[in-house]
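Hi everyone, thanks for letting me grab the screen for a few minutes. Have a look at the model first, and then I'll walk you through a few parts of it.

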Amino acid sequence: MSTSTEGIVLQTRRRWLSDVVELLSSMRFAISLLTVISIASVIGTVVTQNEPMPNYVNQFGPFWFEIFARFSIYSVYSAWWFLLIMAFLVTSTSLCIARNAPKMIADMRSWRDHVREQSLRNFHHHVEWQSTGEPTAVAQETARRVAAGGFQVKLVQKADAVLVTAKTGAANKLGYIFAHAAIVIICIGGLLDSNLPIHLQRWLFDKHPFVGNGIIAEIPAKHRLGTSNPTFRGNTFIPEGASSNTTILPMSEGVMIQELPFTLRLQKFIIDFYPTGMPKLFASEVVVTDHETGKTFPATIKVNEPLVYKGLAVYQSSFEDGGSHLTLVGHPMSGVSHQSFQLEGEVGKSTPLLGSSGAEYTIEWSGFRPFNVENTSAANGQDVRAVDQGKSFNEKFSVKLDQQLGSAASNKKNKDLKNVGPSVQYKLRDKNGQAREFNNYMLPVTIDGAEVFLAGLRDSPAEQFRYLRIPADDKGTMNEWMRLRAALADTDLREKAARRYAETVPLSAGPNSQLREQLKASALRSLTVFVGDRESTGYVAIARFIGKLPEDQQEKAADIFMKILNGSLWELWQIAREKEGLPAMVADEKNGRFLQLATNAMADAFFYEAPVLLQLKGFDQVKASVFQITRSPGKNVVYLGCLLLVLGVFSMLYVRERRLWVWIRPSGDGQSHALMAMSTQRRSLDFDKEFERLKAHLPH
């Protein structure tokens, strides 16, 4: 290759490198990066980060879950593309500083004394006058007065004149340097506190996230990070009386085990309450054991009062159940038997269960709460089964599950917060792996003036719990409701109840066996319709049944149907009690109210898709703390960047750079001719006033 060709190639490479540097350091490139980072930050705010992957599958569905997972939407701030954009932003801003900072500093130091008299006349703010005295004396007096106005002044001798040049507010350019440097420093601090160091260890030292279940002490070294790891943020779960010397770092593919330089032992978890039942204090009494020195010391960790030791901060993040022992009573929710049975469980473990139909289930005890603060104010009084004017029968009579089978406390406007006692949360999983989650309260809760047991269910963690409200009987149990439910499932008892109802209802026409038989058939039909079939049950089935009648007859038919149903259910209740040797209930307002609530609950119970209802009877609580343990070397770096950013923005907004020149030359007869010019980057009314003030203040 000839010398000329090599020169052309070398020149082309230099030009290409120069173009790349110019692009990277340009404002348009930096703004583009900031735009992408802003969009990514919005996504990271809208989409909850670092949740368990099944939650995202339930929220977005399998198709979009895979798409979003490919772009690391579930962990935006640790995604490779986000870190790459941050690195490009650091590079772009650094190049911008490297290219422009020397020019700005040179301009700050420059006096701009190479001006000419004619060029000063071209300034917008300039003025000329005659002054008594020689140019040198006038220049010295002018310099003194300008300096008194807060300017730095320099006298420059010209061929036939003296130039007084002055400047102030040069720190304005430092503002630009500080602001750009702050972006670089903050980004570096963010990168230091990101997962970038962990990613580097994965690439360089063949570290892999751990997937699955196992004992932490037995997890291999390839899934562990040493105590020298410069940055991390993880969670540690410690029950009372237990200890931990590791923390769990969630990753998109699993978890990493982070070794700690000390061991935390939870002695006691403390929780204090306000009179309303709301918690006001969470604190953990721990004992810290240093692995290097063997030193042991106690400490108390509170919310917003972390333990800081060896560069690590231990925060009180939350609290969980540490494996409480539970005693429960199981009530059958199908079949003709209401005989309860007792079982025990431990939070975090599972218990086998054989359903009444012989189906096999597994109970997964997922949570226990010894207290629940709920809004127990009276509901808005709307009967979800009321027959409203102006609507078709089906619209008026259909069950509104979002109100009855809805939240634990239906009224959201009036606030009457109260601790309603313990609750247990569990999953009931069948042999096919399908599971529903349940949340049942131990004690009855007063809602709309009635004592009811709340039994919640949901099909997936992405949903809210929907609550079945079972009325409490005179003894504060759900036994009466369970007895009535079982009786309703018994065809023989339904027929007996229909017969008794027909026999006890007074007829205006007097004794009439044919009318009694018709009334019995109607009563039996009402109970049968209420029990329903695979398509509809409860009030929905009644609405479908009556909806087949002519529209002008539906209102009257509905009123008659409900009277017959209520009367038949009352007799069914009495027969169920007689069968077990219990006295009949008194037909008063209290028992009538109970029957109404029981009927509503049975209508909704058809949607409570579980073979049993588990009611908490006793517990032996074991508390546990969840600590967030962090090492954040970039925190102080970010603080420094924020300080520089504040100084930079303040300098750019509030420090005004001004330049002043006064050209003084002799004009004869012992006088001097003075030409003053003044400039600034931002013209304003204050600048105009300052120019007029200086013009009047200089020697004439």
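Predicted model: local features only at pLDDT ≥ 70, side-chain atom pairs only at ≥ 80, totals over all residues.

Residues are numbered from 1 along each chain as its sequence is written, and side-chain values use heavy atoms, with hydrogens and water left out.

Okay, sheets. Helices (H or I, at least four residues) and strands (E, at least two) are DSSP runs, numbered from the N terminus. Two strands pair if DSSP finds at least two bridges between them.

So, in what order do the five strands of the open sheet come? The order is 1-26-25-3-2, and the pairing is antiparallel. Strand 1 (125–132) and strand 2 (152–157) are at the edges with a single partner strand each, so one side of each has no neighbour in the sheet. On average, neighbouring strands here are turned by 20° against each other, direction ignored. For angles, axes are lines fitted to C-alpha atoms, for helices over the stretch in contact, and values run from 0 to 180 degrees between N-to-C directions.

There's a helix on this sheet too. Helix 6 (residues 135–148) packs there, touching strands 1, 2, 3, 25 and 26, and its direction makes about 160° with that of strand 25. Touching is contact, meaning heavy atoms within 4.5 Å.

Let's zoom in on strand 25 (residues 658–668). Seven bridges join it to strand 3 (residues 162–168), running antiparallel. Val164 stands opposite Val662, and Val162 has Ile664 as its bridge partner. With strand 26 (residues 671–680), strand 25 pairs in the antiparallel sense over ten bridges; there, Arg659 is partnered by Ser679. The hairpin of strands 25 and 26 has two residues between the strands, and Asp669 takes a positive phi near 60°.

Next sheet: three strands, open, in the order 13-12-23, with antiparallel pairing. Strand 13 (341–346) and strand 23 (612–620) are its edges, each pairing on one side only. Neighbouring strands are turned by 30° on average, direction ignored.

Now the helices. The axes of helix 12 (residues 513–531) and helix 14 (residues 551–579) come within 9 Å and cross at roughly 85°. That makes helix 12 roughly perpendicular to helix 14, a label that covers 65 to 115 degrees (under 35 is roughly parallel, over 145 roughly antiparallel, the rest oblique). The contact includes Leu519 and Phe530 of helix 12, and Phe561 and Leu569 of helix 14. By class it has nine nonpolar, three polar and no charged residues. Nonpolar means Ala, Val, Leu, Ile, Met, Phe, Trp, Tyr, Cys and Pro; charged means Asp, Glu, Lys and Arg; the others, Gly among them, are polar.

Last stop: how big is the volume of the second largest pocket? About 980 Å³. Of the 39 lining residues, the closest to its centre are Tyr77, Ser78, Ala79, Ser194 and Asn195. A pocket here is an open set of points on a 1 Å grid over the protein atoms alone, where a 1.4 Å probe fits, with protein on both sides within 12 Å along at least five of seven lines; lining residues have an atom within 4 Å of a point. The volume is the space filled by probe spheres set on the points, which are joined across faces, edges and corners. Helix 4 gives the most to the lining, six residues.
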